[in-house]
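Welcome! Have the sequence and the 3D view ready, and let us walk through them together.

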Amino acid sequence: MKKRSVLLAFFLLLILFLSLFALPQPSPDKLKVYISVDIEGIGGVVSRMQTSGEEYQRFRRFMTQEVNAAIEGAFACGATEVMVSDSHGSGQNILIEELNKEVKLIRDWPRPLIMMEGIDETFDAVFLIGYHAKEGSRDATLAHTMSGSRIFDIKLNGNSVPEAGFNGAIAGHFGVPVALISGDQTIVAQAKEMLGDIEGVVVKEGIGTIAKTIHPEKAQKLIKEGAIRALKRLNDFQPFKLQTPITLEITFKDEVYASLVGMLPGVKQLDGRTISFTGKDMVEVSKFLSAILFL
Ligand SMILES: [Zn+2]
């Protein structure tokens, strides 16, 4: 009899112990998500006709819907605050009347932190939606780096970076990891190479300069699922922190820009088209690049 009671007590304790681990995790009192959005990596977008031409009005709606999908995923995981940065062209692409009502939206230029304006150390995760590969990439849809007309390449501390790398380094400055990226297979691979094993959602496959794309609604479904997966494994991601001071190299498409920027104090001209500037951190580097982009 006594032996049975001891056994019973043991099993009861075991069940109590196991149930503690099975209980749902308490939702965090703060989970802030920052979403930076471009258009070239949105599902269905394959040419300039969709990013700024005659089909732009249709495709900015798909851009808005992909952002909404990421926002829904964030709120489904208990996000307490979401900020969205509209970061293509005019900075005013997202159809605000169709955007999730619970978020704040950064619009227009110029901005010191460019595609990451508004981020700070209070955020917990970054999503990069609709992103594209860097200029010169093979099998990439509408590849460019910050400015298709002016810039050929950007390096940080000697490494060539896509916009996702530059923006990841800004987030890293504030101690915030990138958790999710969406776009074609090439930018997803470039981002993972720099930022680690983050969640990647491939909404189209770049083939040379064309793309094999999935349906916009399918892309939205995958992005929502990717956002949920990303926030569930938030502890896996590390902020992308660069060693300071940070050297920025810009290779322009036109020698005139390099010779003009090279005249500024503190700037070195390295060759006909390349200048270098060293800033104390990513904020200083981003401000320098912003002035060049928007002048
Ligand atoms: Zn871009």
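Does Lys 192 count as buried, exposed or partly exposed, and why? Lys 192 counts as partly exposed because it has 15 C-beta neighbours inside 10 Å. The scale behind this is simple: a residue is buried if 20 or more other C-beta atoms lie within 10 Å of its own, exposed if 12 or fewer, and partly exposed in between, with C-beta atoms placed from the backbone.

Please keep in mind that this is a predicted model: local features need pLDDT of at least 70, side-chain atom pairs count only at pLDDT 80 or more, and totals for chains, interfaces and linings use all residues. Residues are numbered from 1 along each chain as its sequence is written.

**The whole chain**
- The chain has eight helices and 12 strands; helices (H or I, at least four residues) and strands (E, at least two) are DSSP runs, numbered from the N terminus.
- Along its principal axes, the C-alpha trace spans about 95 × 45 × 35 Å.
- Of the 295 residues, 44% count as buried.

**Around Lys 192 and helix 5**
- Lys 192 is found in helix 5.
- Leaving out residues up to four places away in sequence, Lys 192 touches Asp 197, Ile 198 and Gly 200; two residues are in contact if their C-beta atoms, placed from the backbone, lie within 7 Å.
- The buried residues of helix 5 are Gln 185, Thr 186, Ile 187, Val 188, Gln 190, Ala 191 and Leu 195.
- Those buried residues pack against strand 4 (125–131), helix 4, strand 7 (178–184) and strand 8 (199–207).
- Helix 5 is followed by Gly 196, whose phi is positive, near 95°.

**Helix 4 meets helix 5**
- The axes of helix 4 (residues 163–173) and helix 5 (residues 185–195) come within 9 Å and cross at roughly 35°; axes are lines fitted to C-alpha atoms, for helices over the stretch in contact, and angles run from 0 to 180 degrees between N-to-C directions.
- Ala 164, Gly 165 and Gly 168 of helix 4 make the contact with Ile 187, Gln 190, Ala 191, Met 194 and Leu 195 of helix 5.

- An open sheet of seven strands has the order 3-2-1-4-7-8-9, with mixed pairing; two strands pair if DSSP finds at least two bridges between them.
- Its edge strands are strand 3 (104–106) and strand 9 (210–213), each pairing on one side only.
- Helix 4 packs on the sheet, touching strand 1, strand 4 and strand 7.
- Strand 1 (residues 32–37) is largely enclosed by the rest of the structure, because five of its six residues are buried.
- Strand 1 pairs with strand 2 (residues 81–86) in the parallel sense over six bridges, and Ser 36 stands opposite Ser 85 in strand 2.
- Strand 1 also runs parallel to strand 4, joined by five bridges, and Val 37 stands opposite Ile 129 in strand 4.

**The nonpolar core**
- The largest nonpolar core has 79 residues; such a core is a set of buried Ala, Val, Leu, Ile, Met, Phe, Trp, Tyr and Cys residues joined through C-beta atoms within 7 Å.
- Helix 3 (residues 56–76) gives the largest share of this core, eight residues.
- Ala 70 is one of the residues with the most contacts inside the core.
- Not counting residues up to four places away in sequence, Ala 70 touches Ile 35, Phe 127, Ile 129, Ile 223, Lys 224 and Ala 227.
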